[in-house]
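Please have the sequence and the structure to hand.

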Number of protein chains: 2
Amino acid sequence: MLLWGRWKVVAGLAGLALSLELLLRYMRRRKPIREVLFFPAPVTCIEPVLYPMKQCSCPLPHTDSAFSRLLLLLLRAQRSLELCVFTFSCPSLARAVLLLHSRGVRVRVITDNDYMAASGSQIGPLRSAGVAVRHDQSSGYMHHKFAVVDGTVVLTGSLNWTVQATQTNRENILITDDRVIVKAYQQEFERLWQEYDPASYDFFPEKENK
Amino acid sequence: MLLWGRWKVVAGLAGLALSLELLLRYMRRRKPIREVLFFPAPVTCIEPVLYPMKQCSCPLPHTDSAFSRLLLLLLRAQRSLELCVFTFSCPSLARAVLLLHSRGVRVRVITDNDYMAASGSQIGPLRSAGVAVRHDQSSGYMHHKFAVVDGTVVLTGSLNWTVQATQTNRENILITDDRVIVKAYQQEFERLWQEYDPASYDFFPEKENK
């Protein structure tokens, strides 16, 4: 009887320890990032977002918006930014990308060959600044609009990186750090990055005959 | 001493019960839906997806694809389908939507006024079949491409509902049942549904002067 009592105590204490461990794990669990931004966003001053220490007295509203939030999320990048976007002509988004590039963040951009040289495209200025850019060479569109920040957060949705998309259209961007989802987008980016390696371009197939 | 021993037993048993409860909850927790589909998808036969009991001996491959998966996820709808899509000209996706409508699923479609009457648009046939459709009347695009299935699953991404998008372009669709995300898209849909109520159209502003 005394032995049975001791076993109950041992089992009870083990149970208590296990329940405490589970409770602590539950309380310590990482809060997931899951957010949706909807556009159009009102036009606001983005200088404080790009340069938090800078004062700005321009006449634009100095308030938060879906667009300033998008910039903030991108500017969190410390190590890498993979950007896979159909059309990129928004100067403010180009400024954010160039800022990251100047900070030493590894920026890689994949875009669509049909629109990269369109009027207002920011792909030229990005390349001039030394940002690595690759593009498709197919008749179909490279129509993705996603970004991977530091390999840990994905931003994806309907929004092309244009002024019309951010200021006029009805658009959405979903932001998540779900590992399964981030991994899927990261892998798609790497797959396309390899596929669009300039070494395998066949714009000049006649060269192959030489 | 005996009393202390009893308290230990009571505390231990309580701990065991709590740990068992936590373990059971952990084991019973719902597996989240989180999936990403990448396009272009190979052209495959979709008849078995639309009509699982039907045999098909057409020459197309009878294999799974990102497109058949998309159809399957949509066809799971039992109660409602909210669809918010810029361009809708893919006949196979229209067949899936009409199938849901014929089964009594409440289908509501929001689309863009600039493209809804374009050649090949499926918006006309959907309306003719009795599907409720609303559209923007602004100069900006209603550029969303998302769907909410039964108020519990969101499908969102870059893919317009066109044959080119599914068969030729590089596209993605993220699928999730995360409640925070689903709620955000559902609310955006309801907001636009109200905003695009035909009662508030102002195509004919001269009427207001009468």
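The notes below go from the pairing of the chains to single residues.

This is a predicted model, in which local features need pLDDT of at least 70, side-chain atom pairs count only at pLDDT 80 or more, and totals for chains, interfaces and linings use all residues. Residues are numbered from 1 along each chain as its sequence is written, chains are lettered from A and ligands numbered from 1 in the order in which they are written, and side-chain values use heavy atoms, leaving out hydrogens and water.

**How the two chains pair**
- Chain B is superposed on chain A by a rotation of 180° with 0.3 Å of shift along the axis, at an RMSD of 0.3 Å (least squares on C-alpha atoms of residues with pLDDT of at least 70 in both copies).
- The two copies are thus related as by a two-fold rotation axis.
- In chain B, the residue that comes closest to this axis is B:G12, with its C-alpha at 1.4 Å.
- The copies meet through the same surface, because 100% of the interface residues of chain B are also interface residues in chain A.

**Aromatic rings and charges**
- There are 14 aromatic pairs over all chains, where rings of Phe, Tyr and Trp (its six-membered ring) pair if their centres lie within 6.5 Å.
- One aromatic cluster is formed by A:F38, B:F146 and B:Y185.
- A:R108 lies over the face of A:W193, 5.3 Å from the ring centre (CZ of Arg must be within 6 Å of the ring centre and within 35 degrees of the ring normal).
- In chain B, the charged end of B:R108 sits over the ring of B:W193, also 5.3 Å from its centre.

**Around B:L155**
- B:L155 lies in strand β6 (residues 153-157) of chain B; strands are DSSP runs of E with at least two residues, and helices are runs of H or I with at least four, numbered from the N terminus.
- B:L155 is buried, with a relative accessible area of 4% (buried means under 20%, with a 1.4 Å probe and protein chains only).
- Not counting residues up to four places away in sequence, B:L155 touches several residues, including B:L70, B:F146 and B:I173 (contact means heavy atoms within 4.5 Å).
- The C-alpha atoms of B:L155 and B:E35 are separated by 9.4 Å, although the two are 120 residues apart along the chain.

**Around B:S121**
- B:S121 is found in the loop between β3 (106-111) and α5 (123-128) of chain B.
- B:S121 is buried too, with a relative accessible area of 14%.
- A polar atom of the B:S121 side chain lies 2.6 Å from the backbone oxygen of B:M116.

Definitions and conventions
Rings of Phe, Tyr and Trp (its six-membered ring) pair if their centres lie within 6.5 Å; planes under 30 degrees apart count as stacked, over 60 as edge-to-face and the rest as tilted. Buried means under 20% relative accessible area, exposed over 50%, partly exposed in between (1.4 Å probe, protein chains only). A polar contact is a pair of N or O atoms within 3.5 Å; within protein, one must be able to donate a hydrogen and the other to accept it, and residues adjacent in sequence count only if both atoms are side-chain atoms.
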